[in-house]
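Please look over the structure shown here, with an eye to its pockets, its strands and its nonpolar cores. The questions and answers that follow take these topics in turn.

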Amino acid sequence: MIVGAGAAGMMAAVTAADCGHDVTVLEKNDRPGKKLYITGKGRCNITNDCPVEDLLSNVVTNSRFLYSAFYQFNSQDMMSFLENEGLKLKVERGKRVFPLSDKSSDVIQTLRQAMAKRKVVCCYGVQAAHLIFSDDGARVNGIKSSDGHFYPADAVIIAAGGLSYPSTGSAGDGYALAKEAGHQVTPTMPSLVPLNIEEPWCASLQGLSLKNVRLSVKDGKKVLFDDFGEMLFTHFGISGPLVLSAGAICLKQLNSKHLQVCIDLKPALTLKQLDERLLKDFEKYHNKQYRNALSDLLPNKLIPVIVDLSGIDPYKRVHEIQKEERHRLGALLKQMTMTAVGTRGYNEAIITRGGVSVKEVDPSSMASKLKQGLYFAGEVLDLDALTGGFNLQIAWSTGRLAGMNIK
């Protein structure tokens, strides 16, 4: 019996069926893979085509727990599985793996067909409400649904997800079941989530996407995060791959204090090289007003904000700008600073931080250390990683391991 027909649940179902078990999946939605459908902006970043060591290095929470899971079923294994089931794949920048069609629905359909081929029984619209235990309480004997129906089982795999994207049905059901079995659930919070920014000018940049910028997050003088990539301005703050990773690394601090976010808009240039570039541009536009002299250097939407933050009169002729003012502009372009005042909520979080404590789960089998016949897989566990396909690989690998080890 498997609770949840998401990524981990479907993989567990296919694997358990391959091992000769009769498998039933209980899913409260009317179809499988509802959250999988929206991942990767509807394209589904299936995994990351990298060595196991890189998979582990991109796991933020409890990476050591995943050694067995990743080494027994890695990203190349997942790619081979899907290709053998008829899905064509492609690898993009950053070794991110997508379906060739760019449609997450094709990934779901492939998994759905894989389950059907193996005669997995899927019961949709059924919410698992309680675990059923043996008379001595040592073993899980099945599931009782919210409508009172009893589903007997020799083993139960809980793969019900976390709390992120509640519109897909993620409501923490798996945590409640785990607690019934005596498992500890560590505090949960939204992760891989956009950041709220205090400065009002940030909202005026809504929709502006920046590529090839460097972003750092600081707590006073201490640098908590520093990396290079893409970001996006929103009506509430900032988002995009770079920001989501920064939020995951700095999540605990963001939930307790304000942090400084610095953007280097020209990371390929040193401050001296940038000043030389400014001199060339200022020479080119020497008779123009300052506000009209930055179009070669910056996106149009960003120019009014930079002009305002630089403190230079926007109507000043370029040839009248002082050396000190030019240096101030250069410093601003290398360190555009804002204040992060927290994260968005579960509605916008890709993953949930926290969950069933891995201390009470056997990493070699995903079996509960507290109850016989109980297993866990996927986001319900206290495991999370950075963007790039790593979180889905956690789901595939833990689902595979749970399905393999049912007794």
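Q: How do the residues of the lining of the second largest pocket divide into nonpolar, polar and charged?
A: This is a predicted model, in which local features need pLDDT of at least 70 and side-chain atom pairs count only at pLDDT 80 or more, while totals for chains, interfaces and linings use all residues. Residues are numbered from 1 along each chain as its sequence is written, and side-chain values use heavy atoms, with hydrogens and water left out. Ala, Val, Leu, Ile, Met, Phe, Trp, Tyr, Cys and Pro count as nonpolar, Asp, Glu, Lys and Arg as charged, and the others, Gly among them, as polar. On that basis the lining of the second largest pocket divides into nine nonpolar, two polar and three charged residues.

Q: Which residues that line the second largest pocket are the closest to its centre?
A: A pocket is an open set of points on a 1 Å grid over the protein atoms alone, where a 1.4 Å probe fits, with protein on both sides within 12 Å along at least five of seven lines, and lining residues have an atom within 4 Å of a point. Of the 14 residues lining the second largest pocket, the closest to its centre are Met1, His21, Asp22, Asp154 and Ala155.

Q: Which residue takes a positive phi in the hairpin of E8 and E9?
A: Strands are DSSP runs of E with at least two residues, numbered from the N terminus, and two of them pair if DSSP finds at least two bridges between them. Strand E8 (residues 128–133) pairs with strand E9 (residues 140–145) in the antiparallel sense over five bridges, and Ala128 stands opposite Ser145 in E9. Six residues lie between the strands of this hairpin, and the one with a positive phi, near 75 degrees, is Gly137.

Q: Which residue in E10 does Gly142 stand opposite?
A: Three bridges join E9 to strand E10 (residues 150–152), and the two run antiparallel. Within this pairing, Gly142 stands opposite Pro152.

Q: Which residues have the most contacts inside the largest nonpolar core?
A: A nonpolar core is a set of buried (under 20% relative accessible area, 1.4 Å probe, protein chains only) Ala, Val, Leu, Ile, Met, Phe, Trp, Tyr and Cys residues joined through side-chain atoms within 4.5 Å. In the largest one, which has 82 residues, those with the most contacts (heavy atoms within 4.5 Å) are Leu36, Val156 and Trp396.

Conventions:
Buried means under 20% relative accessible area, exposed over 50%, partly exposed in between (1.4 Å probe, protein chains only). Helices (H or I, at least four residues) and strands (E, at least two) are DSSP runs, numbered from the N terminus.
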